[in-house]
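This report is for a reader meeting the structure for the first time. The sequence and the model are shown below.

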Amino acid sequence: MKFTKDIIIGLEIHVELNTNTKLFCSCPTKGSEKPNSRVCEICLGHPGSKPVVNKKAIEYALKLALALNCKISQEIVFSRKSYFYPDMSKNYQITQYEVPLGKNGKINLKDSSIGITRVHIEEDPASLIHPKGISSSKFVLVDYNRSGNPLCEIVTEPEIDSPKEAREFMKQLITILQYLRIFVPGQNIIKADVNISIKESGYARAEIKNVSGFKEIERALEYEIERQKQLIHGNKKLKQETRAWLPEKGITQLLRTKETEEDYGYIIDPDLVPFEINNELINKLKKELPELPEQKVKKYTEKYKIAKDDAFVISSELKLTELFENIIKKIDPILASKWIRRELIRVLNYNKIELSDFKINETHFIDLLKSIQDKKITEKTAQGLLEKLIEKDFDVNAFVKKENLLIISDSNIIEKYCKEAISENQKVVDDYKKGNENSINFLVGQVMRKSKGKTDAREVKELLKRLIK
Ligand SMILES: [Zn+2]
C-alpha cells in the first residue's frame, strides 16, 4: 500500500463478550472472584481435555460481524497460536487466523468511514498477578478464572487519520456493542492495540499494547506522535517496535522490537472440526439485529426532523435512545431531542453523573416536557425542575401546583413587572436607546427575577422593546 497521509493509525481491539459461560467449556464467566475457582480441565488446558464450542459466543460474534457490515465466512475454523507463557497453560491459544469469521466490513462515523479488515473470535488467556508490582515481584501468580472467556478481535484498516478519529471510532464501536447487547461497559473488558506511524519517519510502525478506554487511546496516540516527531527532529531513526502505555505517567515505553505473526507457528486446531455457518442461522441473526445507531440517526433526522447533531448525540447512547423513543410517544420529537441533548446532559455533567448510572422516572420526565409543550411552565422553571428530578424522583405536576410554578398568563402583571424594571434601571434603558442591543437582556433578567422565572423570556423581551420605544 502506498501512503501519503501525515498520520496512519490502525486498531486491533479485543472485546470480551457478555456470555454466561466460557468459549470452550461450561465454566461461568462471572461469579466468584476467588482465584482459580471458576475453572475446569479444559480452561486449565489439561492434556487430553477436549474443547466444546459455545454456540452463544459464536452467535454474538456473528452478530457483531453483521453489524459491522462484514462479509461472513462460510465456516468456522479455529487455529492454534503457539507461544510459551504462563498465562496460557496449553502453550497455545485457540483463535482464528487463516479464516476469520468476518472480513471487509466498515464503521461509518459522523464524517468518515473506517474499514474493518477482520473480525474473529478467540479465547482469553489467564491473568498474571505480580503481588509486589510488575518490577519488584520475585514471583508471579496465575489466576485462570478469566482463561477461556470469549473475546472478539476487531482489526481496522490503517485508515484512521488522527487520535481524535481513533477515539470517535472506539466510541462508536462501544455503542454498537451495547445496541447488540453482547457487551456491558464496566463489566466486560475492551482493550486496543494501537498501531501508529507518521510520514516523517517513512512510516516506521510502533504498536502500543493493551490500551483501555477511548480517552486513553486518544492520549496514548497524541503522546506517541509527539515522541516520534521529536526523535526524527533529533535525526534519530525510528525502529518498528512494540510499546506499553503507562496512563499514570502519560508516556509509552519500549516493550520489545516487533515479532511477526509468522513467529507464532499457526496450525488449524485438530480438536475443533470446522463447521458450516448455514444461511438459516445468518438469516435468524439478521432478523434479531436491532436498529443500529446509523439507522437511528437516519430515522431521527428524516422522520422526526431533528437536528443531525442532536440525532448523533442521542443515538450514540443506548440509554438516551431508549428514553427518547419512549417519550416521543407523547411529546413533540424536536422538543424532546432538545431537552435530552442539551438540558439533560447539562444537568448530568454538572452533577458529574455518568450516563450509565443515571435514572429518571419517564412518566415524570414526560409530565415535565408536556408542561413546557403546553406552555404551562417556562423553560426556566423546567430547568430547575429537571435538576431536582435527576437528584430525586417526585410528582412533577403535583409539585408545580403546590409551589405555584405555573406560567404567569395575566398580561397586566407582566406589564407591571416590565414597567418597574424600566423605571428602576433608567441608565440601562438609555444604553439600549443609544444602540446597545444587549442591554435589554439585563432588563429581561430583572423581570424574570421579579416573576420568579414564571414569565416567558422571549415574550418579556418583545414587551420591553415596545414599552421603551
Ligand atoms: Zn472451564
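The model is a predicted one.

Helix 2 itself is made of 17 residues. From its first C-alpha to its last it spans 25 Å, close to the 24 Å expected at 1.5 Å a residue. Is helix 2 mostly covered or uncovered? It is mostly covered, with 13 of its 17 residues buried.

## The nonpolar cores

The largest nonpolar core contains 64 residues. Ala61, Leu64, Val119 and Val194 have the most contacts inside this core. Two or more residues each come from strand 1 (7–16), strand 7 (113–123), strand 10 (150–156), strand 11 (190–198) and strand 12 (206–212), and also from helix 1 (55–67), helix 2 (163–179) and helix 3 (214–233). Helix 1 gives the largest share, nine residues.

Leaving aside residues up to four places away in sequence, Val194 touches Ile9 and Leu11, and also Glu207, Ile208, Val211, Ile217, Ala220 and Leu221.

## Domains

How is the protein chain divided? Domain 1 covers 7–281, domain 2 covers 291–402 and domain 3 covers 411–468. Between the C-alpha centres of domain 1 and domain 3 there is a distance of 61 Å.

Note on methods:
Residues are numbered from 1 along each chain as its sequence is written. This is a predicted model: local features need pLDDT of at least 70, side-chain atom pairs count only at pLDDT 80 or more; totals for chains, interfaces and linings use all residues. A nonpolar core is a set of buried Ala, Val, Leu, Ile, Met, Phe, Trp, Tyr and Cys residues joined through C-beta atoms within 7 Å. A residue is buried if 20 or more other C-beta atoms lie within 10 Å of its own, exposed if 12 or fewer, and partly exposed in between; C-beta atoms are placed from the backbone. Helices (H or I, at least four residues) and strands (E, at least two) are DSSP runs, numbered from the N terminus. Two residues are in contact if their C-beta atoms, placed from the backbone, lie within 7 Å. The expected span of a helix is 1.5 Å times one less than its number of residues. Domain bounds come from an automatic or database domain assignment.
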